[in-house]
Amino acid sequence: MIKDIKAQNENVQPSDRVMAKLHADFPQCFTNEGKFDLEKFKSLLNDKIDITEEGYDLNFLGKNYANLIASTETETVLQPDLEHNSKPENKDSQNIYISGDNLDALKHLLKSYAGNIKCIYIDPPYNTGSDGFVYNDKFNFTAEQLQTKLGIGEEKAKRILDLCKRGSASHSAWLMFMAPRLMLARDLLTEDGVIFISIDDNEQANLKLLCDGVFGEENMIANFIVIRSEGGGLAKNAVIGHDYLAAYARSVIEYTPLGKPKDIRGKIVTKEDNEEYWIETDWLREEFGKYGTCYYEDILRFYNGKKKDEIDKGIKNGDFILIEKNGKHIVGRYRKVSEDTSKFYTILKHLNKNGVADLESLNMDNYFSYPKPNSLLKELVFGCSNITKSKSDIILDFFSGSATTAHAVMKLNAEDEGNRKFIMVQLPEQTPADSEARKAGYETIDQIGQERIRRAAAKIKSDLQTEISQKETQLKAKEEKLAKENRQGNMFNEENPLEQEIETLKQEIETKKNTLQNMDWGFKHYTLQDVPQNTLDKMDTFDPQGMFGEKDILESFGVETVLATWMEKDGYGLTQNATELKLADYTAYYCGGHIYMIEGESFDEKAMIALVDKYGQEADFNPHNVVLFGYSFTFTQTEMLKKNISAVKKLNESINIDIRY
């Protein structure tokens with residue numbers, strides 16, 4: 001566990017992340033001595049890519065240090081908030097909130113969520129000189145160690161340590177802070193995923209070059225301008241009313257352009273699939289649009305018979321509709337309102353005052369400064385996860401702040417019946433002692449974010465219930481009106497428009513009720529914890545060959561913390577629950593391909609026999625990994641386990657015993 005990670009981190013090098021990727025994807029380019037054959041690598045690419053010896057790069061003090069930090073493993077553990085997570089709205093939630101340093105959080109998340117995050121939005125420190133940003137980290141490298149690991153001189157090593165330990169708001173410090181986080185973020189994105197980064201003039205140019213280096217210049221989508229304020233004001237040179245929003249794809253080849261709802265004009269109809277449609281009438285043009293509108297009767301004059309057959313089939317299937325005009329018929333086609341989008345324009349308007357209003361609606365406007373508006377995040381999330389793609393994507397914000405992103409995801413889900421999930425990460429920074437937030441009982445910013453999610457969920461739920469109630473009132477009134485007209489015989493031989501209106505209302509009510517019942521209204525909460533020094537000391541002196549386990553070490557972590565950290569490490573994420581596995585009087589935990597044995601005291605021969613019997617007698621019980629918390633088990637216990645498990649084979653595969661320290 002932590003002891004193993006600490007030993008691994010002592011030997012880490014800045015290039016380790018890159019080398020691991022090369023080993024995984026290009027094993028043929030390594031010699032049997034482990035050296036990388038650059039010429040062989042070039043030969044794999046030269047028929048596809050023009051290799052250049054020229055170019056430019058962003059260089060800054062601490063660049064290699066940032067690579068080194070990105071290559072280390074986190075030495076923190078994930079402590080679940082048991083009271084919060086056991087509440088009805090949270091126990092089965094797929095949403096996650098992590099309190100802690102986002103660098104550590106990203107390293108944990110990579111174990112289970114690599115390649116699974118569709119959209120990342122972050123609003124990092126702008127390094128304005130007044131936003132409180134200073135770079136400090138907790139890595140305890142000496143100048144001598146940095147000289148060795150980075151291949152630099154003593155003076156440069158000391159300058160880097162000055163940035164790290166004494167705190168700095170320089171451009172180099174900001175880049176050193178951002179670089180490893182963006183490197184890890186890239187690995188979390190799906191192949192068609194997108195990252196959005198809010199920034200202003202102070203670091204916009206540096207961010208562009210940094211992102212070009214991390215994501216690839218060809219993967220830049222746009223550098224959007226977000227209008228955040230209007231009107232005049234006092235300014236030294238100019239009134240700055242905008243921020244920037246850098247947007248990069250993981251792979252521009254896989255990425256689908258961002259889409260936003262079109263401003264649809266005309267009648268909206270609801271078809272039998274309960275979807276709303278509008279009718280597009282100008283999609284079918286005569287050749288080059290030369291003669292204006294193309295009528296159904298004229299198709300064969302300008303298109304071949306195949307086109308007419310295609311349209312006739314569409315009319316029969318209900319995809320097209322003929323609309324009479326000037327004695328002929330226009331071919332209209334149905335377009336889903338929810339799918340119909342247009343590409344983003346590079347200037348977006350989302351005023352800061354709307355972000356304040358969002359918090360006002362939750363009675364939280366005095367607790368947080370400069371919140372981003374819900375409208376911006378909804379537009380971005382919809383843009384890369386609308387119905388033409390997926391409504392069940394995972395959205396990550398690792399500078400969560402007031403949790404606008406989580407609020408926007410829930411609001412969007414309520415509007416379009418989505419099942420998107422969010423992961424929020426926020427450092428538990430202290431709120432100012434004299435702030436309204438502190439007076440209200442919020443000691444740290446992450447507490448504000450969590451409370452906002454709870455209040456937002458309650459408000460969205462209340463708004464849905466109100467909307468349902470209003471529609472039910474409308475439905476009752478229309479049904480009464482229809483019944484009255486039928487009694488009077490006014491529409492005896494004609495279809496009454498009220499019937500369609502009633503049917504539409506019923507469908508809308510049913511949809512809203514399903515959303516109310518099926519939405520994820522909660523979140524799982526975890527806190528990142530450093531291991532206390534006295535526990536580290538006990539871990540260092542523990543003797544695996546001894547006759548006794550070390551209870552104090554497990555008590556320092558807690559069973560739930562060890563289990564959560566291990567399950568994340570093994571790819572199960574932070575929302576999947578392990579099943580208790582009773583082995584005589586001993587309790588283990590079972591999830592997928594792993595059995596977790598954390599406590600050692602009651603593990604005896606009876607428990608061992610029960611485990612072997614379970615493997616032998618239950619055909620569908622086939623975890624191939626038995627994981628032990630090494631400090632809890634004596635030498636005798638581990639030897640008994642090794643001896644008996646080694647004889648067990650499941651599906652002709654051996655069971656792996658993994659003892660973690």
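Modeller: The open sheet has ten strands with mixed pairing, in the order E1-E16-E2-E15-E14-E3-E4-E6-E5-E13. Strands here are DSSP E runs of at least two residues, helices are H or I runs of at least four, and both are numbered from the N terminus. Two strands pair if DSSP finds at least two bridges between them. Strand E1 (76–80) and E13 stand at the edges; each has a single partner strand, so one side of each is left without a neighbour in the sheet. Direction ignored, neighbouring strands are turned by 20 degrees against each other on average. Axes are lines fitted to C-alpha atoms, for helices over the stretch in contact, and angles run from 0 to 180 degrees between N-to-C directions.

This is a predicted model: local features need pLDDT of at least 70, side-chain atom pairs count only at pLDDT 80 or more, and totals for chains, interfaces and linings use all residues. Residues are numbered from 1 along each chain as its sequence is written, and side-chain values use heavy atoms, with hydrogens and water left out.

Now the pairs. Strand E3 (residues 117–122) runs parallel to strand E4 (residues 189–199), with five bridges. Ile120 has Ile195 in E4 as its bridge partner. Helix H17 (residues 445–488) packs on the sheet and touches strand E2 (96–99), strand E15 (421–426) and strand E16 (524–530). The direction of H17 makes about 165 degrees with that of E2. Contact means heavy atoms within 4.5 Å.

Strand E5 (residues 220–227) pairs on two sides. With strand E6 (residues 242–249), E5 is antiparallel, over seven bridges. Asn223 stands opposite Ala246 in E6. With strand E13 (residues 347–349), E5 is parallel, over three bridges. There Ile227 stands opposite Lys349.

Of its 41 lining residues, Val18, Lys21, Arg186, Gly213 and Val214 are the closest to its centre. A pocket is an open set of points on a 1 Å grid over the protein atoms alone, where a 1.4 Å probe fits, with protein on both sides within 12 Å along at least five of seven lines; lining residues have an atom within 4 Å of a point. Helix H2 (16–25) gives the most to the lining, seven residues. Helix H9 (171–188) and helix H10 (204–215) are among those that each supply at least two.
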